[in-house]
Amino acid sequence: APIPPPDLNACRTATNINNGQPVPYSCCPPVNNRIVDFRLPARPTIRTRPAAHLVNAQYISRFNLAMQRMINLPASDPRSFMQQANVHCAYCNGAYTYPSATGSQRLEIQVHNCWLFFPFHRWYLYFFERILGSLINDPTFAMPYWNWDSPAGMYTPNMYLNQRQYPALFNTRRNQRNMTLPADLGYSGTNNNLNPTQTAANNCAIMHNEIIRNANTLQNFMGRIYRRGDAINPGAGTHEAGSHTAIHIWGGDPRQPSGEDLGNFYSAGRDPLFYAHHANVDRMWTLWRNRRGNQPRDFTDPDYLNAQFLFYDENRQLVRVRADSRVNVPWIQCPP
Ligand code: C2O
């Protein structure tokens, strides 16, 4: 059977996985028992996400405004920035559970290190993006992606580093040195002290390995099978385990106790940069699918397709979605 949607009423204290301590605040969303099933909009809006290093000042100002409005919403509003950040914490740090077959215990839901990684994050960004658009009355708004796979886009996009002009995109809890360097897709905690050209060459080789060379099967790229009753963390796909995680560690602040913000599941969503990072992760999924040729692109196992998640939409409506993200692919364009 598939992983069921979380029961918000049973949401519990999250755990900081890096140190095993309880997260010192609640990551649980407001409870709402009126849930609707996701439906394709009658006239879907095509949103084209731009590369963050290529957008103009007008775009950045509007994005900053949308983010500022999200930050300013009351903490109890499920659309508020802190609640949106906590979506990640709740799904990734043991706050959500479901009853075991005998009902004698509750089993944890974990969307990482398994085949749910890509669909979960796609849906998460999708609702985040819809909320941003509604806060600036623009139903076509598309969030930027951090194009770290391209030499021109490897540095942290400037808009996220300009506290004075774009305060809603700024965050102090980042690795300050790495913010001046090109992203290292092989980072695991120490700087390699290469020059930018060498880093770019390494990054391209890493991309090649995880999107092409080692990503020949669905499970190798997407992650291992994870059904109802299975132990969590059966295994991450190449990209999740590789440059996706490297960027998290690379961006986290070594001055913080536990890699906050980007370097820890519970806090990662509190950095606006997280969403640009994951927009590129989402794009990697599309790029990988696009070059599959005659090879299977999507799991057809019903336990994958029918795994369910809950998200609040821009109208504060709780929506139930399935991992079968093929439905939303046509309306999010990821440029090559
Ligand atoms: Cu849910 Cu980049 O992790």
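At what angle do α4 and α6 pack, and how far apart are their axes?

## Helices α4 and α6

In this predicted model, α4 and α6 pack at an angle of about 160°, and their axes are 9 Å apart. Angles over 145 degrees count as roughly antiparallel, so α4 is roughly antiparallel to α6. The crossing of α4 past α6 is left-handed.

On the α4 side, the residues that meet α6 are Ile206, Met207, Glu210 and Ile211. Their counterparts in α6 are Thr238, His239, Gly242 and Ser243.

## Helices α6 and α8

Helix α6 covers residues 238-251, and its axis comes within 11 Å of the axis of α8. The two axes cross at roughly 165°, and α6 and α8 are therefore roughly antiparallel to each other. From α6, the contact is made by His239, His244, Ile247 and Gly251. From α8, it is made by Leu273, His277, Val281 and Met284. The crossing of α6 past α8 is right-handed.

## Helix α8 itself

Helix α8 runs over residues 273-290 and has 18 residues.

Is α8 largely enclosed or largely open? Of its 18 residues, 14 are buried, so α8 is largely enclosed by the rest of the structure.

## Met143

Met143 sits in the loop between α3 (117-135) and α4 (196-213). A residue counts as buried when 20 or more other C-beta atoms lie within 10 Å of its own; Met143 has 24 and is therefore buried.

Which residues is Met143 in contact with, leaving aside its neighbours within four places in sequence? They are Arg49, Leu125, Glu129, Leu132, Tyr275 and Ala279. Met143 can also be placed relative to Thr48: the two are 95 residues apart in sequence, while their C-alpha atoms are 8.3 Å apart in space.

## The nonpolar core

The largest nonpolar core has 81 residues. Those with the most contacts inside this core are Cys89, Ala90, Leu116 and Phe311. Helix α3 provides the largest share of the core, eleven residues.

Ala90 also has a list of contacts of its own. Not counting residues up to four places away in sequence, Ala90 touches Cys11, Ala14, Cys27, Cys28, Pro29, Ala95 and Tyr96.

Methods:
Residues numbered from 1 in each chain as written. Predicted model: local features only at pLDDT ≥ 70, side-chain atom pairs only at ≥ 80, totals over all residues. Helix = DSSP H or I, 4+ residues; strand = E, 2+ residues; numbered from the N terminus. Expected span 1.5 Å × (residues − 1). Buried ≥ 20, exposed ≤ 12 C-beta atoms within 10 Å, placed from the backbone. Contact = placed C-beta atoms within 7 Å. Core = buried A, V, L, I, M, F, W, Y, C linked by C-beta atoms within 7 Å. Axes fitted to C-alpha atoms, helices over the stretch in contact; angles between N-to-C directions. Parallel < 35°, antiparallel > 145°, perpendicular 65-115°, else oblique. Left-handed = near helix turned anticlockwise from the far one by under 90°.
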